[in-house]
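Try each task before you read its solution.

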Amino acid sequence: MRALVLHGFGKTTVEEVPDPVPGPDEVVIDVACVQPSVTECMLIAGDPVAMHEVLAARLAAGPTRFGGHEFAGVISTPGPGFPAGTRVTAVETAACGTCAACRRDRPDACPSPGVLGFTRPGAFAERVAVPAKSVVAVPDGITASQAAGVQPLAGALHGHAIAEVRPGDSVLILGAGVMGVLHTQVARHGGAGQIIVTGRSPAKRRLARQAGADLVVDAAQDVQAAVLAATGGIGADVVFETAGGMPGAGLAGTSTLDLAARCVRRGGRIVMVAVLPREAPAPLGLLRERSVALLHPRSGAGGYSPGGGAFEQALRLVRRGDVDVDCLVSHRLEGMDALPKALDITGNKAAHGALGPAQVTIGAWDQA
Ligand SMILES: [Zn+2]
């Protein structure tokens, strides 16, 4: 089969590789649609985020497969509970099941979880092997494009739960990118009160308005003043920080955490959705002084991270029409050879006028 291979930071090719061989309790999925995540684009470009050191060490040893955890496809080699022909997506992270943490029922503390597209080859390929326990069936009425886009929505549902948004809570969402727009829609359906969203481009601000924001603020304006004016001088109960990160990837650096700390109410909560460099500066004194809780969506496996249940709920919301994931897809590409271009578009959205990740159609979804 053909797959994306990484030969060095920023150097990708699409080439012939061996077909995946499923292990016990694994299935093989024919990939129908895949989209890169911004974090994957940053890692492939060599930015020092998340698992950069691990990827650097692997590349030093030679070419490697990397990326492809937001996808949908059709089971071709069946496994427990999943007959051939089932339309599916998958949870990207699975606890190892055998380490000390896993044996103590703490899968979220597993130091070496399997991660699709990272510790094992992902869906930047025609076929991908996945543990059956990670597979999520996709109900009828959902397109491959929608199913490939539910992983970030599951993350947004999870972030909303972490923040313990109470009925009527005012919610400020910094950034109107993919996570910002998804958090806006989830807040709208999750009992939030006033929803305020900031964004830099007019197109994204328009999207935030369509997604259900009550107030949309140009990020270039005085956001703090706008938030204080809209909340009776108190500040937002909950802030989702989705804008920060590498400026090279079109993100807002680390100043947005400082902004969040100034816009949240005393005793409020900030959820750090954005992926920051390890040594990002943080206004800890201000957070301490104002008794603000800084929360992080759980990553890793099991426990409290977004698992099969969050994926199923994300699919349910899309099927009901409660959440629109199609509005985020502005660039649709065809075929394996388009993968490098999809990475370029997703990693440089502003330059390409993209609203969300570029999706690539690879194989069939509607089975005859
Ligand atoms: Zn483990």
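Donors are N, O and S atoms within 2.8 Å of the metal (3.2 Å for Na, K and Ca); water is not among the atoms, so sites may look incomplete. This is a predicted model: local features need pLDDT of at least 70, side-chain atom pairs count only at pLDDT 80 or more, and totals for chains, interfaces and linings use all residues. Residues are numbered from 1 along each chain as its sequence is written, and side-chain values use heavy atoms, without hydrogens or water.

**Exercise 1.** Find the protein donors of the zinc ion and give their spacing in sequence.

*Solution.* Step 1: pick out the donors. They are C96 (SG), C99 (SG), C102 (SG) and C110 (SG). Their distances to the zinc ion are 2.3 to 2.4 Å. Step 2: read along the sequence. The donor residues follow the pattern C-x2-C-x2-C-x7-C.

**Exercise 2.** Is C99 buried or exposed?

*Solution.* Step 1: recall the cut-offs. Buried means under 20% relative accessible area, exposed over 50%, partly exposed in between (1.4 Å probe, protein chains only). Step 2: apply them. C99 has a relative accessible area of 14%, so C99 is buried. C96 has 29%, so C96 is partly exposed.
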